[in-house]
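Please keep the sequence and the 3D view at hand while reading.

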Amino acid sequence: MDLKKSYRIAIISDVHIDLENDGNNTYFIYAQKNFTRTLSVAKKRDCDFIVNVGDSVTNATGATAEWQRYREIIEESGYEGEIFEAMGNHETRFAKYGGCTLEECRGDFIEYTRLGDKPVERIDGKTYYAYIDQRFGDAFLFLSLENGVSTNEIDNFSDEQMAWAESMLDRCHREGRRVFLIQHAPIYGFGAGDDVKEPAYEGLIRMTDQNGRAFRNNRRFLRLVRQYKNMIWLSGHTHVDLRDEVNYDNDHGGACHMIHVPSVAGTTRLSHDENGKRVLDRAFFENASQGYIAEIFDDRVVFSGINFFDDRVYPQYQYIISNTK
């Protein structure tokens, strides 16, 4: 019997391993170095496992070399715990340019995350899955942006994935499990990860297309976020720094606990352009490689914001969430 009173995980997002160009032409020039630091911190802090919220690679001209380097960094780090990854929009990015098919992108994700070897519940060939931790019976449900990269222009989830998610959430609720939902992209104008009143990031999940036609499965996802209010949803995608204080929301009690995870590769800051429009500055600060260390107890979860760059915890960005079952 495991008598631990808690367990500890590192929560990361937007690793963005990028081998596309050199020097200043590379999208995320600090990605590899910061990922190495992150794994070192997770090992030093004795994390039981790592949750990666998505965008492990950048995938502008093909992801194979980037995925290979992702694996190499993990193996070189000496970190021996499991890493559970969600599939973000960049994992399928090359399909947007016709360089491969969506099926090939999904296949790369399954192969290089070693998904088939993980202790998870999944449907063969699919990129969404569940991990049930045995300490308190907590469920970690990893959804997948499986339909492409233009997150704001498509219905991001298949009928099959949403049926699976609905079934799993119903089962977890009946079994009294605490649920962590890991899904990479936030919803436009809603929840954590952006300025809700004046969004800066256009590429977020929408409920309708440009002609006002409903994205049915995006709406099903939103209904789940509203229905299961004790659930904790971890998102990434916008890279917004903890200092902008938009990384927790629950829609005034109308939705689940929504926590945004900034970026390992480097954060960006909310700003305004010369016309006063809300924007992200896209500076990608090397010395701000941010995520969370979460201490998980039977009756609460304590999320502590951390800078993996220098292993510094931010006590002012700590979220204590109770009543999670």
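The points below are grouped by topic.

This is a predicted model, in which local features need pLDDT of at least 70 and side-chain atom pairs count only at pLDDT 80 or more, while totals for chains, interfaces and linings use all residues. Residues are numbered from 1 along each chain as its sequence is written, and side-chain values use heavy atoms, with hydrogens and water left out.

**Helix α1**

- Helices (H or I, at least four residues) and strands (E, at least two) are DSSP runs, numbered from the N terminus.
- Helix α1 covers residues 31-44, and its end C-alpha atoms lie 20 Å apart, in agreement with the 20 Å that its 14 residues should span at 1.5 Å a residue; the expected span is 1.5 Å times one less than the number of residues.
- The buried residues of α1 are Ala31, Asn34, Phe35, Thr38, Leu39, Val41 and Ala42, where buried means under 20% relative accessible area, exposed over 50% and partly exposed in between (1.4 Å probe, protein chains only).
- These residues lie on the same side of α1, because they cover an arc of only 160° around the axis; the arc is that of the directions from the helix axis to the C-beta atoms.
- Among the elements that cover the buried residues of α1 are β1 (6-12), β2 (49-52) and α2 (64-77).
- Asp46, which follows α1, has a positive phi, near 55°.

**The open sheet**

- An open sheet of 6 strands runs in the order β3-β2-β1-β13-β14-β15, with mixed pairing; two strands pair if DSSP finds at least two bridges between them.
- At the edges stand β3 and β15 (312-322), each of which pairs on one side only.
- The pairing of β1 with β2 is parallel, over 4 bridges.
- Ile12 is placed opposite Asn52 in β2.

**Cysteines**

- A disulfide is a covalent bond between the sulfur atoms of two cysteines.
- Counted as pairs of cysteine sulfur atoms within 2.5 Å, disulfides number 0.
- Cys100 is in no disulfide, and its nearest cysteine sulfur, that of Cys105, is 3.2 Å away.
- Cys100 is buried, with a relative accessible area of 19%.
- Cys256 is buried, with a relative accessible area of 0%, and its sulfur is 14 Å from the closest cysteine sulfur, in Cys172, too far for a bond.

**Asp159**

- Asp159 belongs to helix α5 (residues 159-174) and is partly exposed, at a relative accessible area of 42%.
- Leaving aside neighbours within four places in sequence, Asp159 is in contact with Arg216, Asn217 and Arg220, contact meaning heavy atoms within 4.5 Å.
- Asp159 and Arg220 are 61 residues apart in sequence, yet 9.6 Å apart in space, C-alpha to C-alpha.
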